[in-house]
Amino acid sequence: MNVLVVKANNRPATEAISSKMYETFMEAVKGAENLNVTTYDVFAEDMPYFGQDLFNAFGKMQNGTELTDVESRLVAAKQKAMDALTAADVVVFAFPLWNLTIPAKLQTFVDYVYAAGFAFKYDAEGNMIQLMTDKKAIFLNARGGFYSAPEAAPMEMAVNYMRNVFGGVFGMEIIGEVIIEGHNAQRDKADQIIQEGLRQVTEVANKLVLQHA
Ligand SMILES: Cc1cc2nc3c(=O)[nH]c(=O)nc-3n(C[C@H](O)[C@H](O)[C@H](O)COP(=O)(O)O)c2cc1C
């Protein structure tokens with residue numbers, strides 16, 4: 001069982017709650033013999049922004065023209081992200097809510113793998129077909145404010161977005177989701193909120209270990 005952990009925060013775990021969630025998950029799966037756990041650290045990877053440079057690179061590759069530095073880095077980075085996803089049975093995303101959305105580096109990872117013919121396709125009638133229904137996803141997210149209430153939920157574009165991409169379009173089964181929320185809004189309850197969330201992260205990780213024991 002290959003578990004790919006996409007770490008999407010480079011703030012230290014002493015300060016960032018989603019980094020702490022990542023560390024808690026890794027600690028809980030440590031030594032699990034049937035899980036092959038690898039980390040894809042989006043802040044450590046060389047990941048140029050997705051855009052016309054990539055399309056230029058594809059054109060040049062067809063013509064056999066030499067790529068520029070940024071074009072070849074983009075092609076290599078996109079392939080690496082796609083290969084990492086292909087190899088994974090379970091993908092765990094540890095990510096914060098920043099400015100109502102996901103960090104730009106995680107967005108770049110999504111841009112690399114959100115590819116027709118790879119993650120989804122259209123059939124002859126124009127229906128979208130999910131191509132990753134054999135994979136499972138787990139979301140570990142932290143957000144300082146509260147977004148669970150129906151009136152606030154539509155503002156939240158991190159977990160909602162990740163669900164739409166990896167569940168809705170790619171077809172992965174979301175087998176676990178832990179959201180730590182409100183620790184900035186309610187400082188007096190912060191410790192309690194964070195500890196309870198981290199306990200749930202351990203629980204999700206333990207479940208994964210037990211399922212594949
Ligand atoms: C750059 C930045 C932007 C943030 N934007 C929001 C936000 O839009 N809404 C919110 O509720 N909290 C916001 N927060 C607070 C984080 O959601 C909170 O710190 C949470 O624990 C996730 O981020 P962290 O893992 O980096 O700590 C922001 C924090 C940072 C560092």
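Predicted model: local features only at pLDDT ≥ 70, side-chain atom pairs only at ≥ 80, totals over all residues.
Two residues are said to be in contact if their C-beta atoms, placed from the backbone, lie within 7 Å.

## Helix α4 and its neighbours

Helix α4 spans residues 104–113, and its buried residues are Lys105, Leu106, Phe109, Val110, Tyr112 and Val113. These residues lie on the same side of α4 because they cover an arc of only 160° around the axis. What do the buried residues of α4 pack against? Their partners are β1 (2–7), α3 (69–87), β3 and α5 (159–169).

Leaving aside residues up to four places away in sequence, Val113 touches Ala81, Met82, Leu85, Phe118 and Ala119. Along the chain, Val113 and Leu4 are 109 residues apart, while their C-alpha atoms are separated by 14 Å.

## The nonpolar core

The largest nonpolar core of the model holds 49 residues, and those with the most contacts inside it are Val6, Met21, Val91, Val92, Phe93, Ala94 and Leu140. Strand β3, which runs over residues 90–96, gives the most to this core, with 6 residues. As background, nonpolar side chains in soluble globular proteins tend to be buried together.

Which residues does Val92 touch, not counting residues up to four places away in sequence? They are Val3, Val5, Val6, Phe25, Ile138 and Leu140.

Val178 counts as buried, because it has 23 C-beta neighbours inside 10 Å. Its contacts, again without residues up to four places away in sequence, are Met21, Leu140, Gly197, Gln200, Val201 and Val204.

## Around the ligand

How many residues surround the ligand? There are 16 of them, and the closest are Ala16, Ser18, Pro96, Gly144 and Gly145. The elements that give two or more residues to this shell are α1 (17–29) and β6 (136–143), and α1 gives the most, with 3 residues. Sorted by class, the shell has 7 nonpolar, 7 polar and 2 charged residues.

Gly145, one of the closest residues to the ligand, is also touched by Gly182, whose other contacts are Phe146 and Ile193 when residues up to four places away in sequence are not counted. Gly182 itself lies in the loop between β7 (173–181) and α6 (190–211). Gly182 is partly exposed, because 18 other C-beta atoms lie within 10 Å.

## Exposed places and distances along the chain

The loop between β3 and α4 holds Asn99 and also Leu100. Phi of Asn99 is near 50°, a positive value in a residue other than glycine, and phi of Leu100, likewise positive in a residue other than glycine, is near 70°. Are these two residues buried or exposed? Asn99 counts as exposed because it has 10 C-beta neighbours inside 10 Å, and Leu100 counts as exposed because it has 12.

Phe58, placed in helix α2 (residues 52–63), also counts as exposed, because it has 12 C-beta neighbours inside 10 Å.

| Pair | Apart in sequence | Apart in space |
|---|---|---|
| Gly182 and Leu97 | 85 residues | 11 Å |
| Val178 and Met26 | 152 residues | 15 Å |
| Phe58 and Ala149 | 91 residues | 44 Å |

## The chain over the annotated region

An unreviewed UniProt entry carries the annotation "domain: Flavodoxin-like fold", which covers residues 1–203. Over residues 1–203 the chain is 39% helix and 21% strand, and the end C-alpha atoms are 18 Å apart.

Conventions
Residues numbered from 1 in each chain as written. Near = placed C-beta within 6 Å. Helix = DSSP H or I, 4+ residues; strand = E, 2+ residues; numbered from the N terminus. Nonpolar A, V, L, I, M, F, W, Y, C, P; charged D, E, K, R; others polar. Core = buried A, V, L, I, M, F, W, Y, C linked by C-beta atoms within 7 Å. Buried ≥ 20, exposed ≤ 12 C-beta atoms within 10 Å, placed from the backbone. UniProt positions renumbered as here; feature names shortened; annotations may be inferred. Arc of directions from axis to C-beta.
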